[in-house]
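Hi,

Here is the structure I promised to pass on. Have a look at it first, and my notes follow below.

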Amino acid sequence: MFTISQTSRAWFIDRARQAREERLVQKERERAAVEIQAHVRSFLSRRRLREIDEFFKAEDSGSSRRSALCIFKIARKLLFLFRIKEDNERFEKLCRCVLSSMEAENEPKVWYVSLALSKDLTLLWIKQIKDILWYCCEFLEQLKPEILQDSKLITLYLTMLVTFTDTSTWKILRGKGESLRPAMNHICANIMGHLNQRGFYPALQILLTRGLARPRPCLSKGTLTAAFSLHAANTPMSASQRWQPRSPSLLPFLSLLPPRLTVLESHDMLRKFIAFLRDEDRCRDVCESLEGCHTLCLMGNLLHLGSLSPRVLEEETDGFVSLLTQMLCYCQKYVSQKKSNLTHWHPVLGWFSQSVDYGLNESMPLITKQLQFLWGVPLIRVFFSDILSKKLLENQEPAHAPPASPQNVLPVKTLLKRAFQKSASVRNILRGGEIRDQVEPHLKLRFLSPFSGLTYLDDLLPKLWAFICELGPHGGLKLFLECLNNDTEESKQLLAMLMLFCDCSRHLITILDDIEVYEEQISFKLEELVTISSFLNSFVFKMIWDGIVENAKGETLELFQSVHGWLMVLYERDCRRRFAPEDHWLRKDLKPSVLFQELDKDRKRAQLILQYIPHVIPHKNRVLLFRSMVTKEKETLGLVETSSASPHVTHITIRRSRMLEDGYEQLRQLSQHAMKGVIRVKFVNDLGVDEAGIDQDGVFKEFLEEIIKRVFDPALNLFKTTSGDERLYPSPTSYIHENYLQLFEFVGKMLGKAVYEGIVVDVPFASFFLSHQLLGHHHSVFYSSVDELPSLDSEFYKNLTSIKRYDGDIADLGLTLSYDEDVMGQLVCHELVPGGKTIPVTNENKKQRFMSLSSAVPQSTALQACLHPALLSPDWSQDLAQGVGIGPSISLSVSSCEQAQLSI
């Protein structure tokens with residue numbers, strides 16, 4: 001409608017911009033004025049602090065006690081101007097002044113708490129004491145207990161908190177004032193509720209963590225008592241809801257204060273914790289809020305508390321086991337098997353994908369001790385109370401009950417069902433705690449600790465086996481096999497109990513020596529071992545032959561590994577020293593001809609039989625099978641003479657005087673195919689003249705026998721002989737040869753050629769060398785070389801076992817956790833644990849020395865060079881250690897090939 005010229009528009013915009021800038025300048029001036037006024041008023045107000053300082057100065061002189069009203073007014077002025085960094089000293093003096101007033105005798109006007117009875121000041125006093133106590137909490141978060149001055153302040157502020165959250169020390173309530181106690185308790189509850197809302201427990205948790213996350217606490221008994229009193233200031237149930245005992249190693253330090261533990265028991269705190277945490281969602285929320293590090297602290301304190309309250313634990317076993325399982329499963333989710341950019345190292349859990357509180361590292365030894373209560377005697381007796389309460393007869397025969405299925409057995413036998421449930425729960429705990437690393441030895445030891453605790457009770461495993469035998473003939477074999485095909489909860493619990501029995505029994509037999517097994521017959525009689533091995537042999541065979549193992553995964557695969565591991569430990573023990581009758585390990589229902597047909601058809605189950613349990617096949621048939629495999633491979637590779645083709649022949653010339661050197665130079669470079677082919681040898685004498693004769697395998701056999709004889713001569717220092725029976729093992733000082741690795745590989749190839757061609761050579765290897773290195777048993781977490789130690793040094797084994805059986809105080813022998821070795825005339829000390837040469841052997845740690853020394857059988861790094869497949873295929877089963885092709889003295893058999901993977 002109206003038109004505005006371009007000049008008028010520009011003028012209007014310019015005026016609007018100027019007005020806007022003027023408003024901004026005005027606002028900035030107002031803000032600056034307000035800030036200046038604030039500083040000025042703050043300065044003028046804080047000048048009044050001189051009045052507060054003079055008040056505290058007069059109080060320190062002790063001329064006269066100030067009334068509670070005076071303290072209230074001074075505190076009000078201080079809190080109005082309070083700055084936590086600048087007024088910390090004034091606040092300290094205020095707290096001391098308040099506490100001093102509470103200690104006055106028969107002076108009601110002096111008692112600071114008396115103002116709570118004033119109608120005009122009650123609300124103001126409650127607000128003031130809430131502010132003072134919260135400032136105490138803020139200071140507690142900042143103080144460091146290890147500093148002496150800070151430690152004194154911690155005691156002061158904790159005393160303030162204890163004094164005004166508990167009426168027991170208020171002198172105003174004595175005598176006629178007792179009627180006021182309910183009202184005062186209500187005021188204390190109101191104060192405590194206010195502190196809880198603002199973060200009282202997290203502040204106290206920080207203090208406890210700083211003071212207890214170390215091998216020795218830097219909190220005094222008085223400070224610890226005060227902190228614990230504050231924890232128990234509420235009703236037991238509300239305390240359990242707001243406070244979980246997650247302070248690192250809280251219970252060990254509270255054990256120094258018996259009255260505090262009595263408070264825990266009197267309030268039935270363990271039951272409250274279990275009731276609060278057994279809910280799966282609530283327990284998960286608690287674990288997520290704490291994360292893995294502090295979840296371990298909580299679990300350690302709960303375990304310690306459980307060991308101190310066996311009566312409560314017996315009544316709340318299911319809930320206790322349930323919450324522990326949930327905590328361990330939560331921690332396990334974040335455990336990694338290897339280092340990565342997303343993991344951190346945790347002293348207990350290994351590589352952990354959650355953030356790690358390194359402030360807890362110093363307390364980890366104490367936390368580990370607390371976690372060991374899980375497999376300690378008190379808790380194990382509670383978990384297995386049903387089994388341990390059974391009477392075990394001296395000559396108990398397995399019950400031959402009629403076959404039954406899980407559906408009609410488990411619901412009927414209530415006692416069995418209860419035991420299955422508890423065994424399954426404990427198995428779950430162990431499975432959650434099995435944070436393994438097959439590389440790090442200390443993680444292996446950590447994995448074995450639970451089984452050491454479970455096998456500590458001599459009567460647990462025998463009663464558990466007697467328990468299993470009640471399920472039917474042959475240890476309830478049919479019932480267990482039926483459970484594999486049933487996905488019911490009862491079947492899972494039954495199989496979990498079997499896994500627990502196998503793992504614990506395997507660990508037990510591993511650490512027992514021959515005297516304990518065959519003569520003392522600890523835990524199991526020899527007749528029971530025969531029965532158990534028969535059950536295991538049948539169970540493993542059925543799992544393989546019925547096709548269960550082929551596609552096994554998860555719990556089924558874990559079950560197979562547990563049962564098979566226990567079976568092989570018994571089988572190897574029987575191979576060293578027989579306890580089972582002749583042909584005990586053979587399967588009469590498995591005909592060799594059927595197995596051979598299955599192998600020809602490339603059936604997986606036949607291959608698994610050879611891989612896992614080749615001992616079920618007669619030795620003669622294993623030899624025939626091995627030779628058949630060699631023949632088939634030669635035909636495949638074209639190494640057999642036919643009417644249409646001849647195999648490739650490798651010719652070598654060997655000087656008699658330098659047989660080893662020439663053989664090494666000419667054969668070590670040959671390919672795998674050439675080594676498996678025909679090799680013709682021509683000998684020349686010292687003058688370089690060819691010796692008469694045509695090699696039709698006879699000359700090569702002579703060459704092979706001479707080569708093997710020379711390389712195994714101890715004078716060459718590639719191999720040494722054991723004391724006594726003079727059996728061979730790699731020399732620990734073989735590294736003096738410049739090319740010792742290549743020499744070991746050459747030795748391996750020569751032995752492999754002998755086996756491949758069926759040439760018998762006499763090489764008496766030591767049994768520990770065969771088991772520990774060639775068969776690869778040392779890779780198993782349950783392998784103990786103590787069993788093989790007599791084959792190395794019988795005197796050393798005798799001395800070691802004498803330490804184990806020593807009844808007196810072993811500290812008198814002056815031993816340490818180390819051993820000395822003579823290496824080329826120089827004495828070298830090996831520590832069994834870090835710093836072991838300074839740690840004396842005691843009755844408590846002598847088993848640690850025994851187990852550590854059990855892994856001290858010499859290992860040859862050089863030998864690893866000949867542990868790769870070259871001639872003998874790793875698919876040729878695993879039984880090369882009982883005389884196949886090499887003769888009885890070397891005691892190699894067909895079935896070790898797969899595991900050993902020899903380059904021989």
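**What I found**

Among contacts in the protein chain (heavy atoms within 4.5 Å) between residues at least 6 apart in sequence, 71% join residues at least 24 apart. Before you go further: this is a predicted model, in which local features need pLDDT of at least 70 and side-chain atom pairs count only at pLDDT 80 or more, while totals for chains, interfaces and linings use all residues. Residues are numbered from 1 along each chain as its sequence is written, and side-chain values use heavy atoms, with hydrogens and water left out.

**Overall picture**

The protein chain has 40 helices and 11 strands; these are DSSP runs numbered from the N terminus, helices being H or I with at least four residues and strands E with at least two. Of its 904 residues, 50% count as buried. By that I mean under 20% relative accessible area, with exposed being over 50% and partly exposed in between (1.4 Å probe, protein chains only). The chain exposes about 44,300 Å², and carbon and sulfur atoms supply 52% of that. The areas come from the Shrake-Rupley method with a 1.4 Å probe, and for residues only the protein chains shown count as cover.

**Aromatic rings**

There are 26 aromatic pairs in the structure. Rings of Phe, Tyr and Trp (its six-membered ring) pair if their centres lie within 6.5 Å; planes under 30 degrees apart are stacked, over 60 edge-to-face, and the rest tilted. Take F82 and Y135: the ring centres are 4.4 Å apart and the planes are at 50 degrees, so this pair is tilted. F82 sits in the loop between α3 (68–80) and α4 (88–102), and Y135 is in helix α5 (residues 122–142), so the pair ties together parts that are 53 residues apart in sequence. F82 is buried, at a relative accessible area of 12%.

F91 and Y157 make another tilted pair, 5.9 Å centre to centre with 45 degrees between the planes. Here F91 belongs to helix α4 and Y157 to helix α6 (residues 148–163), so parts 66 residues apart in sequence are tied together. Both partners are covered: F91 is buried with a relative accessible area of 0%, and Y157 is buried with 2%.

Further along, ring pairs link W465, F480, F501, F524, F535 and F539 into a cluster. Two arginines are also worth a look. R577 lies over the face of Y518, 4.3 Å from the ring centre, and the charged end of R605 sits over the ring of W545, at 3.9 Å from its centre. The test for a charge over a ring is that NZ of Lys or CZ of Arg is within 6 Å of the ring centre and within 35 degrees of the ring normal.

**Salt bridges**

How many salt bridges does the structure hold? There are 27, counting a side-chain nitrogen of Lys or Arg within 4 Å of a carboxyl oxygen of Asp or Glu. R90 and D87 meet in one of them (2.8 Å, N to O), and D87 is buried at 0% relative accessibility. E178 and R181 form another (2.7 Å, N to O), with E178 partly exposed at 42%.

R271 pairs with E315, the closest N and O atoms being 2.9 Å apart. That pair links distant parts of the chain, with R271 in helix α13 (residues 269–277) and E315 in helix α15 (residues 310–315), 44 residues apart. Salt bridges with shared partners join R271, R278, R311, E315 and E316 into one network. E315 itself is partly exposed, at 47% relative accessible area.

**Strands and a helix**

Three strands form an open sheet in the order β1-β3-β2, with antiparallel pairing; strands pair if DSSP finds at least two bridges between them. The edge strands are β1 (335–336) and β2 (344–346), each pairing on one side only. Two bridges join β1 to β3 (residues 350–352), and V335 has F352 as its bridge partner in β3.

Elsewhere, β4 (residues 649–655) and β5 pair in the parallel sense over seven bridges, with T650 opposite I679 in β5. Five of the seven residues of β5 (residues 678–684) are buried, so this strand is largely enclosed by the rest of the structure.

Finally, helix α30 (residues 604–612) has A606, L608, I609 and L610 buried. The buried residues of α30 pack against α27 (526–545), α29 (592–600) and α31 (619–637).

Cheers
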